[in-house]
Amino acid sequence: MDEKFHVFMETVDERFRSFVSQIDGYLTENGCKRDIKLQKSGYVVSYVLNSGKKALATLISRKTGMKLRIYPEHIQEYQSFLDSLPEKAKKEIRKASVCKRLINPDDCNPKCVMGYTFVLDGVQYQKCRYMAFQPALSEENYPYIKQFLEKELRAGFKMAGFPKDPG
């Protein structure tokens, strides 16, 4: 464990350390590069796939606690998974900001990366990439956070033509 990550882990609530460590290990073992930055609100730890420049996930500190922002670039490949999420998680996804750029590209900063169009419980949504999939770390959320990351990695490897299937 590098020094920066060790310092970051000291700031993580004790209840979440084991899970954060598991997620870190899983993502780094499956080809993600870890990037740690200190911001006003605390540490931001991003995981970028070596095959690209976009982050797969980012651990962020908020007043409400630590969250894992997931950037599911391949959500179309497994969007039925969203229907299996706990109701509380679905509610957070539904209340996330609409992606202005998807609705009208002139309504948002042209440098902003577009959000996601997906179906949840039979309803189509167009949500901001920075707000849509941002579950709080909690024991209730751990299983589906891990499944979400696994599905995104699998879809990404499949789309890139890699023979390796993340485990």
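1. A polar contact here is a pair of N or O atoms within 3.5 Å, and within protein one must be able to donate a hydrogen and the other to accept it. With that in hand, look at the start of helix α2. There, a side-chain oxygen of D13 comes to within 2.9 Å of the backbone nitrogen of R15. Keep in mind throughout that this is a predicted model.

2. Stay with α2. The helix covers residues 14-29, 16 residues in total. From first C-alpha to last, α2 reaches 23 Å, close to the 22 Å expected at 1.5 Å a residue. Just past the end of α2, G31 has a positive phi of about 90°.

3. Which residues of α2 are buried? They are F16, F19, V20, I23, D24, G25, Y26 and L27.

4. Next, the core. In soluble globular proteins, nonpolar side chains tend to be buried together. The largest nonpolar core of this model has 46 residues. F8, L27, F133, L137 and L149 touch the most other members. Helix α5, residues 142-160, gives the most to this core, with 8 residues.

5. Leaving aside neighbours within four places in sequence, F8 is in contact with V20, Y43, V45, L59 and M66.

6. Now the second largest pocket. About 240 Å³ of space lies in it. Its lining has 15 residues, and K67, E92, I93, K95 and Q134 lie nearest its centre. Which helix supplies the largest share of this lining? Helix α3 does, with 6 residues. Helices α3 (87-95) and α5 each supply at least two residues.

7. E92 links several of these points. E92 sits in helix α3 and is one of the residues nearest the centre of the second largest pocket. Beyond its neighbours within four places in sequence, E92 is in contact with Q134 and P135. Q134 is likewise among the residues nearest the pocket centre. Buried or partly exposed? E92 counts as partly exposed, because its relative accessibility is 30%. Its C-alpha is 17 Å from that of Q147, a residue 55 places away along the chain.

8. R129 is a buried arginine in a loop. The loop runs between β6 (123-127) and α5. R129 counts as buried because its relative accessibility is 4%, and buried means under 20%. Its side chain makes a polar contact with the side chain of Y116, at 3.2 Å. Leaving aside neighbours within four places in sequence, the contacts of R129 are R69, Y71, E73, V113, M114, G115 and Y116.

9. L102 has some of those partners too. L102 lies in helix α4, residues 100-103. Neighbours within four places in sequence aside, L102 is in contact with M114, G115, Y116, T117 and Q126. Of these, M114, G115 and Y116 are also in contact with R129. L102 is partly exposed, because its relative accessible area is 24%. L102 and G156 are 54 residues apart in sequence, and their C-alpha atoms are 22 Å apart in space.

10. Last, a backbone detail to check. D121 is in the loop between β5 (116-120) and β6. Its phi is near 50°, a positive value in a residue other than glycine. D121 counts as partly exposed because its relative accessibility is 35%.

Technical notes:
Residues numbered from 1 in each chain as written. Predicted model: local features only at pLDDT ≥ 70, side-chain atom pairs only at ≥ 80, totals over all residues. Heavy atoms only, no water. Helix = DSSP H or I, 4+ residues; strand = E, 2+ residues; numbered from the N terminus. Expected span 1.5 Å × (residues − 1). Buried < 20%, exposed > 50% of the residue type's maximum accessible area, 1.4 Å probe, protein only. Core = buried A, V, L, I, M, F, W, Y, C linked by side-chain atoms within 4.5 Å. Contact = heavy atoms within 4.5 Å. 1 Å grid on protein atoms, 1.4 Å probe; cavity = no way out; pocket = protein on both sides within 12 Å on 5 of 7 lines; lining within 4 Å. Points joined across faces, edges and corners; volume = space filled by probe spheres on them.
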